[in-house]
Amino acid sequence: MRIIILGAGRVGESVAENFVSERNDITVVDTDPRRLRNLEERLDLRGVPGNGIHSEVLRRAGAEDADMLVACAPLDETNLVACKVAHDVFGIPTTIARLRSAELKEGDKLLSRDAFAVDRVICPEESVVQYIQKLIDYPEALQVLEFSHGRAVLIAVRAAEGSPVVNHTIAEFRELFPDAPMRLVALYRRDALCHCEGSTRILPGDEIFLLADALKIRPVLRAMHRSDAPVKRVMIAGGGKVGLRLARRLAGHYAVKIVERDEVRCEYLAGQLPGDMLVLQGDGTDEELLGDENVDDMDMFLALTSDDEDNILSAMLAKRLGARRVLALINRRAYADLIQGSTIDIALSPAHTVIGELLAHVRRGDVVAVHSLRRGAAEALEGVARGDAKTSRLVGRTIEQLTLPAGVTIGAIVRGEGKAQQVLMPHHDTVIEQDDHLVIFIPHKRQVRDVERLFQVSATFL
């Protein structure tokens with residue numbers, strides 16, 4: 001695909017990295033030539049300096065032949081106008097805008113084709129909040145991803161010493177957890193993907209990716225950890241856009257404390273949040289403050305400031321002082337790779353939380369959902385089996401008849417609609433039916449194109 005990305009900031013850079021890795025033709029537009037030069041030196045893309053709301057700049061970027069515009073400049077106004085120009089002047093088929101304003105959501109008349117012509121809205125701050133909310137709902141998980149409107153769920157968990165799965169083989173899972181049907185789709189050991197067979201034995205520290213029916217997630221986590229203690233107390237370090245959004249969502253459901261350094265911001269937070277939510281002026285890296293505020297009683301400590309170093313330090317300090325689970329918001333990829341799985345339980349990159357929302361637009365075939373895993377190295381994809389036995393590579397065939405790339409696993413099949421909908425854990429003789437939703441784990445990005453072809457209907461397949 002020919003894709004124009006407006007804005008070379010953190011989100012734009014992350015989007016460019018992911019799209020370039022999939023052999024798309026990428027052009028990045030930004031007002032800062034230095035940023036563009038840095039991107040051109042690292043990635044196989046073209047940079048065009050200028051303001052993306054000007055038609056001449058977009059023309060130089062190749063808008064006349066572009067398939068998609070992703071507008072992720074710092075200002076909402078810039079992104080809206082760029083989408084309008086892209087649609088009205090150049091007829092670009094798909095326009096995506098990063099919008100921070102909570103007033104503008106998908107489906108709003110202002111975003112329709114007759115107005116600003118925005119097909120899809122992305123908001124990294126909101127994506128981060130939704131991501132963290134799932135981790136609060138399922139506190140033992142490292143990652144929680146939903147498919148088929150939440151009916152099937154992929155969770156990543158770490159096998160801790162003493163866990164019921166440690167020293168057992170994958171083949172023994174069904175006997176160990178008869179009331180929690182699940183499918184192990186991937187196993188990482190010391191950050192390396194392990195070949196999963198029935199005889200593969202789980203060791204302490206292994207990162208396991210499991211697929212299960214959403215209705216069975218809690219029994220799955222309970223079986224994995226012998227506990228399912230819910231989160232009740234949360235401490236947030238950082239009252240910025242993400243911290244405030246999350247606090248609003250947690251209000252009334254959890255006991256929340258917010259630590260914010262800036263006095264003026266604290267006053268604003270106090271006016272925006274319920275009176276029973278405690279707002280504290282202070283530094284999240286202050287050991288005495290965290291101790292006085294009983295961080296050791298917290299079920300979740302969330303470091304959500306705009307400073308990576310502060311987030312890392314405060315999360316490590318909170319963990320050392322006794323917080324049950326800690327999460328740090330990390331913008332720099334090198335930092336996230338370094339600290340994931342260390343003292344800090346979860347390192348979360350804001351840019352990567354929105355990548356899946358964008359990847360679904362560049363997938364071929366009937367792909368309805370995409371989630372980026374392992375900081376972009378792997379992927380979980382949901383596709384719909386269309387056609388029939390003559391036109392489809394999937395419909396009417398058993399799992400063992402499919403030709404899948406090495407390591408690619410069909411983890412679940414969601415079949416039916418409404419109350420009749422069911423989540424199946426497929427076996428070698430399971431037959432794929434028309435309109436089945438297949439949830440597939442792809443360990444390497446280079447295998448994506450081969451998987452996409454499975455979902456492409458062809459009149460001449462046979």
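**Close-up views of a predicted model**

**View 1. Surroundings of Ile 5.** Apart from its neighbours within four places in sequence, Ile 5 is in contact (heavy atoms within 4.5 Å) with Gly 12, Val 15, Ala 16, Phe 19, Ile 26, Thr 27, Val 28, Val 29, Val 70 and Cys 72. This is a predicted model, in which local features need pLDDT of at least 70 and side-chain atom pairs count only at pLDDT 80 or more, while totals for chains, interfaces and linings use all residues. Residues are numbered from 1 along each chain as its sequence is written, and side-chain values use heavy atoms, with hydrogens and water left out. Ile 5 belongs to strand 1 (residues 2-6); helices (H or I, at least four residues) and strands (E, at least two) are DSSP runs numbered from the N terminus. Ile 5 counts as buried because its relative accessibility is 0%; buried means under 20% relative accessible area, exposed over 50%, and partly exposed in between, with a 1.4 Å probe and protein chains only. Between the C-alpha atoms of Ile 5 and Asp 30 the distance is 8.7 Å, and the two residues are 25 apart in sequence.

**View 2. Strands 15 and 16.** Strand 15 (residues 300-303) pairs with strand 16 (residues 325-329) in the parallel sense, over 4 bridges. Leu 302 has Leu 327 in strand 16 as its bridge partner.

**View 3. An aromatic cluster of Tyr 188, Phe 209 and Phe 441.** The structure holds 2 aromatic pairs; rings of Phe, Tyr and Trp (its six-membered ring) pair if their centres lie within 6.5 Å, and planes under 30 degrees apart count as stacked, over 60 as edge-to-face and the rest as tilted. The rings of Tyr 188 and Phe 209 are edge-to-face because their planes stand at 70 degrees, with the centres 5.8 Å apart. The rings of Phe 209 and Phe 441 have centres 6.0 Å apart and planes at 35 degrees, so this pair is tilted. Phe 209 in strand 11 and Phe 441 in strand 22 (residues 437-442) are 232 residues apart.

Methods:
Two strands pair if DSSP finds at least two bridges between them.
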